[in-house]
Every structure is written in C-alpha cells, then in structure tokens.
Amino acid sequence: MSAALWNRCLLRLEEEIDDRELATWIRPLRAISDGQRLLLLAPNPVVQSKVSELFLPIIQRVLSETLGEPQLVVEIGVSGNREHVAEP
C-alpha cells in the first residue's frame, strides 16, 4: 500500500511544489505504511529537517485528499535510523 499511496501523493505534490524543491526534498523520501501511519524516510537529517519544516503540512493535506478519509499520521524519519523520527 505505501508505494502506491506515496506515488499518488507525489503526482499531486508535483502540481503544488516547484520542480527543483520536489527533486531536492520530496523525491528522495521513501515511504513505509502500517495502515495507521505513513513513515517517510529521508536519506539524511538535513532532508528530514527541511521536509518537516517546509512541506509536512502540504504532504498531510494531499494525503488526506488522496485518501478521501481521515488521514494517516505522517512521520518523517531518517533512513536506517529509527531514532530520528519527527512527528507532526
């Protein structure tokens, strides 16, 4: 579910986020979902911080609109380091 859901969200985010920012901050994220939450894994803490700071509200809105139901909890983490997870 997570890859398909994230790909649908990416299509919507392409309409709202500048191509350069999308390529720099959003496309490097890898999505994992357990049905209750969507964990977006960044390649490093810099990407994690920027996404949390600048794009998390947009991602949450697009996810909610894409699902058409109560939204999943979105968390941003660093790939390979489960201790670095930022919640909304």
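In this predicted model, the side chains of E75 and R37 meet in a salt bridge, with 2.3 Å from N to O. E75 lies in strand β3, which covers residues 73–78, and R37 lies in strand β2, which covers residues 37–42, so the pair ties together parts that are 38 residues apart in sequence. The two partners sit in unlike surroundings. E75 has a relative accessibility of 7% and therefore counts as buried, because the cut-off for buried is under 20%. R37, at 26%, counts as partly exposed.

Further charged pairs occur elsewhere. The search of the whole structure finds six salt bridges. One of them joins R12 to E65, and the closest N and O atoms of this pair are 2.5 Å apart. R12 belongs to helix α1 (residues 2–14) and E65 to helix α3 (residues 45–67), so this bridge ties together parts that are 53 residues apart in sequence. R12 is partly exposed, with a relative accessibility of 25%. E65 is also partly exposed, with a relative accessible area of 40%.

A salt bridge also links E16 with R61. Here the closest N and O atoms are 2.3 Å apart. E16 lies in the loop between α1 and α2 (19–26), whereas R61 lies in helix α3, so the pair ties together parts that are 45 residues apart in sequence. E16 has a relative accessibility of 34% and counts as partly exposed. R61 has a relative accessibility of 34% and counts as partly exposed. These pairs do not stand alone.

Nonpolar residues were examined next. The largest nonpolar core has 24 residues. Those with the most contacts inside this core are W6, L13, I26, L40, V51 and I59. Five elements, α1, α2, β2, α3 and β3, each give two or more residues to the core. Helix α3 gives the most, with seven residues.

W6 shows how such contacts reach along the chain. Neighbours within four places in sequence are left aside here. W6 is then in contact with L13, I26, L29, A31, L38, L40 and I59. Among these partners, L13, I26, L40 and I59 are also listed with W6 as residues with the most contacts inside the core.

Is L11 buried or exposed? At 53% relative accessibility, L11 counts as exposed, because the cut-off for exposed is over 50%. L11 and V62 are 51 residues apart in sequence. In space, their C-alpha atoms are 9.8 Å apart.

The overall layout was then described. The protein has three helices and four strands. From the N terminus on, the elements run α-α-β-β-α-β-β. The protein has 88 residues, and 38% of them count as buried. The accessible surface comes to about 5,000 Å². Carbon and sulfur atoms account for 49% of this surface.

Contacts across the whole protein were also sorted by distance in sequence. Among contacts between residues at least 6 apart in sequence, 61% join residues at least 24 apart. The bridge between R12 and E65 links parts 53 residues apart. The bridge between E75 and R37 links parts 38 residues apart.

Conventions: Residues numbered from 1 in each chain as written. Predicted model: local features only at pLDDT ≥ 70, side-chain atom pairs only at ≥ 80, totals over all residues. Heavy atoms only, no water. Salt bridge = Lys/Arg side-chain N within 4 Å of Asp/Glu carboxyl O. Buried < 20%, exposed > 50% of the residue type's maximum accessible area, 1.4 Å probe, protein only. Core = buried A, V, L, I, M, F, W, Y, C linked by side-chain atoms within 4.5 Å. Contact = heavy atoms within 4.5 Å. Areas by Shrake-Rupley, 256 points an atom, 1.4 Å probe, with all protein chains shown as cover.
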